[in-house]
Amino acid sequence: MSSEIQSSRSVVMEKMFAHPQQKVWRALTEKALVAQWLMKNDFEPEVGRRFQLRSEPMPNWDGIIDCEVLVVEPLKELSYRWSTFGLDTVVNFTLTPTEGGTLVHMEHSGFPMDRDANYKGAMYGWQKFLGAMDKVVGELGAE
Amino acid sequence: MKSASPQHVFRALADPTRRAIFEELTRQGEQTVHALTSFAGVSQPAVSKHLTVLKKARLVRHRRAGRETHYRAQPEALAPMADWLRAYSTFWRERFDRLEALLDGMEP
């Protein structure tokens, strides 16, 4: 068994778009455009701005993701906190101009669990995650 | 063993006492209700109630031995959490496709 302690995992997505950086940046930061590919929102590209992403409510979930803008570096980097279900994660986009387009690298990080991690390692992340959960107890309505 | 839904697991662990009990079981291994009661510092009926919720979320298992009931943690019950990664991978792949469609349709 690996002794490495892995406390969180990420989802990484990378895609080349045949469109200029300026245009991709707009799609990531103008709320009307964001609504078309991601979710309805009240986003503004200002660090510290709190906003919500709203999707269709489902049983046991109101469909709301609470966010806070962490990084805005025009045309290059956008990052926001992404909290839902008491799971506090971070989404980060970086844009790199390439010949004929823009490379978008997205990393959604801070997931507390890893099925493959050794148990101790998993517990580290788990406890960190649980700490954040205190805040949402009321909303979830503990049984 | 079938896993509980992430919501069940979240909810079960949303309560600080239940969380403490679960963490104690992961640290110490199998414990009696008796031992857990003195650890948690609440009444035994309260501990039993918490254990029932944890059991429903499949976070703990129990066995009876004589007059004592022993509980142990089920680390694999945390596996539904790992499904978040898979769910979000699918989510983002799909959204990136939509982003591409949007960009293709936008004025330059």
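In this tour a residue is called buried under 20% relative accessible area, exposed over 50% and partly exposed in between, with a 1.4 Å probe and protein chains only. The model is predicted: local features need pLDDT of at least 70, side-chain atom pairs count only at pLDDT 80 or more, and totals for chains, interfaces and linings use all residues. Residues are numbered from 1 along each chain as its sequence is written, chains are lettered from A and ligands numbered from 1 in the order in which they are written, and side-chain values use heavy atoms, with hydrogens and water left out.

**Stop 1: a salt bridge within chain A**

Select A:Arg50, which is exposed, with a relative accessible area of 62%. A:Arg50 forms a salt bridge with A:Glu68, the closest N and O atoms being 3.7 Å apart; the term requires a side-chain nitrogen of Lys or Arg within 4 Å of a carboxyl oxygen of Asp or Glu. This pair links distant parts of the chain, since A:Arg50 lies in strand β3 (residues 50-54) of chain A and A:Glu68 in strand β4 (residues 64-73) of chain A, 18 residues apart. Helices (H or I, at least four residues) and strands (E, at least two) are DSSP runs, numbered from the N terminus. Is A:Glu68 buried or exposed? At 17% relative accessibility, A:Glu68 counts as buried.

**Stop 2**

A:Asp62 is partly exposed, at 48% relative accessible area. Leaving aside residues up to four places away in sequence, A:Asp62 touches A:Ser55 and A:Pro57, where contact means heavy atoms within 4.5 Å. Select A:Thr84 as well: A:Asp62 and A:Thr84 are 22 residues apart in sequence and 9.5 Å apart in space, C-alpha to C-alpha.

**Stop 3: salt bridges between the chains**

Select A:Lys15 together with B:Asp97 and B:Glu100. A:Lys15 forms a salt bridge with B:Asp97, with the closest N and O atoms 2.9 Å apart. The pair crosses between chains, from strand β1 (residues 9-17) of chain A to helix α5 (residues 79-105) of chain B. A:Lys15 also meets B:Glu100 in a salt bridge (3.3 Å, N to O), and this pair likewise crosses from β1 of chain A to α5 of chain B. A:Lys15 is buried, at 19% relative accessible area, whereas B:Asp97 is partly exposed at 43% and B:Glu100 partly exposed at 26%. A search of the whole structure finds 10 salt bridges over all chains.

**Stop 4: two packed helices in chain B**

Select residues 16-28 and residues 44-56 of chain B, which are helices α2 and α4. These helices pack at an angle of about 75°, with their axes 10 Å apart; axes are lines fitted to C-alpha atoms, for helices over the stretch in contact, and angles run from 0 to 180 degrees between N-to-C directions. That makes α2(B) roughly perpendicular to α4(B), the term for angles of 65 to 115 degrees. Display the side chains of the contact: B:Thr17, B:Arg18, B:Ile21 and B:Phe22 belong to α2(B), and B:Val47, B:His50, B:Leu51, B:Val53 and B:Leu54 to α4(B).

**Stop 5: the strands of chain B**

Finish at strand β3 (residues 68-73) of chain B, joined by two bridges to the antiparallel strand β1 (residues 31-32) of chain B; strands pair if DSSP finds at least two bridges between them. B:Thr32 stands opposite B:His70 in β3(B). Six bridges join strand β2 (residues 60-65) of chain B to β3(B), again antiparallel, and B:Arg61 stands opposite B:Arg72. Where the hairpin of β2(B) and β3(B) has two residues between the strands, B:Gly66 takes a positive phi near 65°.

Definitions and conventions:
Parallel < 35°, antiparallel > 145°, perpendicular 65-115°, else oblique.
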